[in-house]
Amino acid sequence: MSVEILQSPSPSGEGLGWGTPLATRATHMRREPTEPEKRLWRGLSNSRLGGFKFRRQAVLGSRIVDFFCPAIGLVVEVDGHTHDPEIDRNRDALMQDAGFTTIRVDNTDVMENAEGVLLHVLAVAQSLPARAQWRLPHPNPSPEGEGL
């Protein structure tokens with residue numbers, strides 16, 4: 001099984017899952033995050049973590065990942081009791097084959113030691129090289145002319 005990631009024929013990102021039912025599900029997931037996701041997002045949003053820009057519930061090919069840093073191809077997944085370790089290992093291997101680095105953190109760790117989790121994410125992020133190919137167009141661009 002292969003993962004087709006970043007094979008868009010257009011610079012706008014069409015074909016990367018945006019505007020599809022998967023993107024609709026990701027939007028819903030952004031609107032109703034779990035408590036651990038909310039807590040981790042507080043540390044990742046607005047480039048708070050070492051200047052790294054993260055996106056929530058990002059669509060990558062046929063997958064939705066909890067957090068994604070496009071500048072370095074870093075995926076952060078927050079796992080609860082419903083996650084299947086074998087499925088997660090297979091998914092992580094597919095993501096690695098596509099060039100992404102995945103960090104998995106447990107809900108309990110985020111709730112009880114968010115600072116430690118963020119320090120771990122920062123250490124991994126700082127160890128990765130910048131990758132221009134992961135600099136995707138934002139899935140929700142502002143309307144044309146807005147902000148000009």
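Predicted model: local features only at pLDDT ≥ 70, side-chain atom pairs only at ≥ 80, totals over all residues.

User: How many helices and strands does the protein have?

Analyst: There are 5 helices and 4 strands. Helices (H or I, at least four residues) and strands (E, at least two) are DSSP runs, numbered from the N terminus. Along the sequence the pattern reads α-α-β-β-β-α-β-α-α.

User: And what share of the residues is buried?

Analyst: Of the 148 residues, 39% are buried. Buried means under 20% relative accessible area, exposed over 50%, and partly exposed in between (1.4 Å probe, protein chains only).

User: Which residues touch the most others in the largest nonpolar core?

Analyst: Leu-40, Leu-44, Phe-54, Leu-74 and Val-121 do, in a core of 21 residues. Helix H2 (35–44), strand S2 (63–69), strand S3 (74–79), strand S4 (101–106) and helix H5 (114–127) each give at least two residues to this core. The largest share, 6 residues, is from H5. A second, separate core has 7 residues, including Val-65 and Met-95. A nonpolar core is a set of buried Ala, Val, Leu, Ile, Met, Phe, Trp, Tyr and Cys residues joined through side-chain atoms within 4.5 Å.

User: Back to Leu-44. What does Leu-44 touch?

Analyst: Not counting residues up to four places away in sequence, Leu-44 touches Leu-49, Phe-52, Phe-54, Phe-67, Leu-118 and Val-121. Contact means heavy atoms within 4.5 Å. Leu-44 is in helix H2 and counts as buried, at 0% relative accessibility. Leu-44 and Val-121 are 77 residues apart along the chain, with 9.4 Å between their C-alpha atoms.

User: What about contacts across the whole protein, how many join residues at least 24 apart?

Analyst: That is 65% of the contacts between residues at least 6 apart in sequence.

User: New topic. Is Glu-77 buried or exposed?

Analyst: Glu-77 is buried, because its relative accessible area is 3%. Glu-77 sits in strand S3. A polar atom of the Glu-77 side chain lies 3.4 Å from the backbone nitrogen of Asp-66. Leaving aside neighbours within four places in sequence, Glu-77 has contacts that include Arg-91, Thr-102 and Arg-104.

User: And Asp-79, buried or exposed?

Analyst: Asp-79 counts as buried, at 10% relative accessibility. Asp-79 is also placed in strand S3. Among the residues Asp-79 touches beyond four places in sequence are Asp-88, Arg-104 and Asn-107.

User: How much space lies in the largest pocket?

Analyst: About 450 Å³. Of the 21 lining residues, Met-29, Glu-37, Asp-66, Val-78 and His-83 are the closest to the centre of the pocket. On a 1 Å grid over the protein atoms alone, a pocket is an open set of points where a 1.4 Å probe fits, with protein on both sides within 12 Å along at least five of seven lines; lining residues have an atom within 4 Å of a point. Grid points are joined across faces, edges and corners, and a volume is the space filled by probe spheres set on the points.

User: Which elements supply the lining?

Analyst: Helix H1 (21–31), S2, S3 and helix H3 (85–97) each supply at least two residues.

Methods. Residues numbered from 1 in each chain as written. Heavy atoms only, no water. Polar contact = N/O pair within 3.5 Å; in protein donor to acceptor, adjacent residues only side chain to side chain.
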